[in-house]
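Reader: I am new to reading structures. Can you walk me through a few features, one at a time?
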Amino acid sequence: MRSEPQPGLPLRGRQDEIEALRDVIDDVRGGRGGTVLITGAAGMGKTALLDAVGDLARLHGIRVFHGTGDAATQVIPLGPLLEALVSAHDAPVDPALLRDLSQSPDQRFWLLRELQESLERAALHAPVLISIDDVQWADAATLAALGTLPRQLTTHRILWLLAARSTDLSGAARGALNRLEAAGARTIALDLLDRSSVAEVAEDLLGGRPDAALLKVLGGVRGQPFLLTELLRGMREEKSVAVDDGVARLTGTRIPLRFVDSVNQQLARLSVEAYDVLQMACVLGRRFSADELAGLVGTTPAAILGALREALAAGLIAEDGDRVAFRHDLVREAVAATLPRTVKRSLRRRAIDVMLQNGAPPSDVADHVLEVAQPGDADAIAILRRAAAETARVSPTVAGTLSRRALDLAPRGDPSRGPLTAETLAYLVHAGKAAEAVGLMTAAPEDLVDPAAEAEARLSLAMLSMQYKSIDVVEQSQRGLRLSGVPVTLRTQLQSFLALGLDLCGDVAGAGRAVQDAVDSARSTGDPANEVVTLLPRATQALARGCWREAVRLIDEALAGQAATDRLAVRLWLADAWKALFFIMLARLDEAFALIDAGMNAAQQAGVSAHLRIWSMVRCRAMFAAGHLADARSDAEATIEMADEIGDGSYGYINHVCLYILGRVALHTGDPAGVAQARRSAARLCEAQESPFSRRLGAWLMALAADADGDPAAAAQSGGDVLDPLGADLLSASNPRMYADSAALTRILLDADRRAEAKDVVARVEDFSAQHPDFPMLQCAALHARAILDSDPDIALQAVACSETDPRPLVRAAVLEDAGRLLPDARAGEAVALLESALAAYTQAGAERDASRVRSMLRARGVRPAASGPRSAPDWPELTESEFAVVGLVARGATNREVAERLYLSPYTVNTHLRHVFAKLCIRSRVELAHLAATRGIAAEHP
């Protein structure tokens, strides 16, 4: 609600802020979106500024959508956003479609995707302003959306205007705003009005300049805009000021100096009936219906009509659609302050019953329940359980909070605690709250007295942890297996997940033992269906042992078994994604990309955000193997960014793989900022105490970074056993290391005068190659390492011959480079041809640091190589092929989702591609991109 009493008055003391926001309005009209955060204490005029900017935006043809957070409805998921985008008369979002999404198993993710898609479409036709007031009271789902949607829509002409009380920010709200600030959001902090602005406001409201005595009294509100306008209105209504010759002077002696006193005086002027009704209204929240208020008072809506009219006339409340609302939250807070705490608590209890009787869903009254419920309150427990079930699809985080509170209310030993604990765990798992779920089980193990129920819960936590911390997969599986009386079928599933968790942790040998236990358990039942769950971990083991044909056969059986056995399918972690990882390891990239495209499309259609993120990680690995470095970087960045939305933060296997790939890309390209980040990522991975896998990745990335710096001692510091992909255990598909790394490690160790360790590295890869002669590209890796160890150009040429069918250009280029380097001057012609081939491969991949090194070798051989670089089209030399494909669709008016579906990407990857395109082309908006595309031969289909 507006804080100034009359519409159309100038917004005094905010000229600088208005001018800054005019510039932002001009930017969005010109096609450049952005985010502005307006902060300040209560009553500083944030709402008035939002309203003023909204009016200004409408004058310039910008569509404006507005929503407000509410302290009394913080458990309604996405409330302020849906108020803004669904309730408006020209709503960009179809409410019916949102209702349909309630059937999705992952609604929050796809609600956000639908909101994003709808806003993209709206912004294609006209600029859009979305203003959200009182963000400090927004629910968890809204805060998550505000932390991600503006960043995802940064390339569109959408302006986000968010206002929050800086003194009342929760940790979640502060985190969301901090993420936006880190992404470039502008902050406007509203301060108190100065003396001249106070005088101007007084003149506007009173019709005359305040004299010195009046200004002294007005100084009592210390420049707080809301209190100032309320004080001035009270003076005007009470006729305690007079205007003579354009000067406003005091005529009374008793002037309210604080707003609460002003409200109390206004309340005192009300009739007893109106006073009582207004006190009752404050119990219901900021907004309420006449039916709810009448029910709380214990009468009919007609009986309280006069009281409502009186409060409306006094300006304390206002009509708000089909409901009534307090004119300002400070008004409601001041009224509430006149109620004794015990009375307020009793009334809130009655309000729950009244709201439910009037059809309010449990989720709408949950906030009241949270405040008044006492331990053992069966009715409150039931309401919270129903509210949790209602909100779970939209916001499992909120559902977990409500269910956890219900569990806290249930007495120890109550039989309901078992089902409640299981429900709460399910919400926490769905919300990605692995640590909280583990803590819940640790704090009250007696609530799950049935071993099967506890084992089932631990299996759920193990499944959740697959995306987060691999060590938790291991721990939860092991704790479930230690329970007595666990059914064999459930035990088999726990053993299978234990095997996958150990594989992700880098303990391939331990995974092998767990796999055998799972197989033994499954076969003991005599039911072939129970063996299906063991097929995936058996396949990963077979591949690690080098038995790749058996691995592919087993994974195909696992996929077939999943399709035929729904009960077991949910217990496996995307067997087709594992198969794609197999093909990446086998250098069968075309087959890997076919699986990735199909998997990405299936994840998009099914609406499972976790699967979308898994496929993005797999795709970044495939892109790196294929030498598409820019694409690998975009996919890795997008995968990490998705973590914010589904709760992963910066931990876990998936993020660690992506950090590693980003580091490898930066070291190949030589990007200074990326290389600096690679060093930080390496240090971070090395500190992952819970994961040997991550520590070894970090050590190798650290070694490569030191090698790039020309510091062989530092590069070899961790030692051959740690750095060798075959040093500690077998190499599994979950590990992004390659057998080809053995050659680079051999050179690093030789440069550090650690020849004995280099010989061990070569011996290991040669032994493994001899045992598995048909394993793709393994012989080439062994020959390459041996050639470097012995400085033997003829063996290097054998490696070149073996590499001719290798689809991994960076691996092939490294073999060519070393062969060219090892050939003597007498064979300069051969050397130059090899180096030129290496240079072409590096250049095409965008590996500029590698290309620069090879150019130096060619110049040393007396050859000046021509400048060259990767190009996608003659008119777009700045872009990679993937970036060009995205630009072509975006310039023709496609939304991020449409581009993603056409190109088998995630919407996050599309967004990261666009950010890189904008940086390369020195533009800031899709409008500028459309204009540039038109000049280069791509016609846009939308304005």
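Author: Let us start with a pair of side chains. This is a predicted model. Glu117 and Arg121 meet in a salt bridge, at 3.3 Å from N to O.

Reader: Where do Glu117 and Arg121 sit relative to one another in helix 5?

Author: They are four residues apart in helix 5 (residues 107-125), so about one helical turn separates them.

Reader: Is Glu117 buried or exposed?

Author: Buried means under 20% relative accessible area. Glu117 has 8%, so Glu117 is buried. Arg121 is at 38% and therefore counts as partly exposed.

Reader: Which salt bridge do Arg121 and Glu898 make, and what does the pair tie together?

Author: Their side chains meet at 2.3 Å, N to O. Arg121 lies in helix 5 and Glu898 in helix 46 (residues 896-903), so the pair ties together parts 777 residues apart in sequence. Glu898 is partly exposed, at 25%.

Reader: How many salt bridges are there by this rule?

Author: The count comes to 40.

Reader: Now the sheet. How do strands pair?

Author: Strands of a sheet pair through backbone hydrogen bonds, either parallel or antiparallel. Here, five strands form an open sheet with parallel pairing, in the order 2-3-4-1-5. Strand 2 (63-68) and strand 5 (186-189) are the edges, each pairing on one side only.

Reader: How many bridges join strand 1 and strand 4?

Author: Seven, in the parallel sense, between residues 34-40 and residues 158-165. One example: Thr39 has Ala164 in strand 4 as its bridge partner. Helix 6 (residues 140-152) packs on the sheet and touches strand 1, strand 3 and strand 4. The direction of helix 6 makes about 150° with that of strand 4.

Key
Residues numbered from 1 in each chain as written. Predicted model: local features only at pLDDT ≥ 70, side-chain atom pairs only at ≥ 80, totals over all residues. Heavy atoms only, no water. Pairing = 2+ DSSP bridges. Helix = DSSP H or I, 4+ residues; strand = E, 2+ residues; numbered from the N terminus. Contact = heavy atoms within 4.5 Å. Axes fitted to C-alpha atoms, helices over the stretch in contact; angles between N-to-C directions. Salt bridge = Lys/Arg side-chain N within 4 Å of Asp/Glu carboxyl O. Buried < 20%, exposed > 50% of the residue type's maximum accessible area, 1.4 Å probe, protein only.
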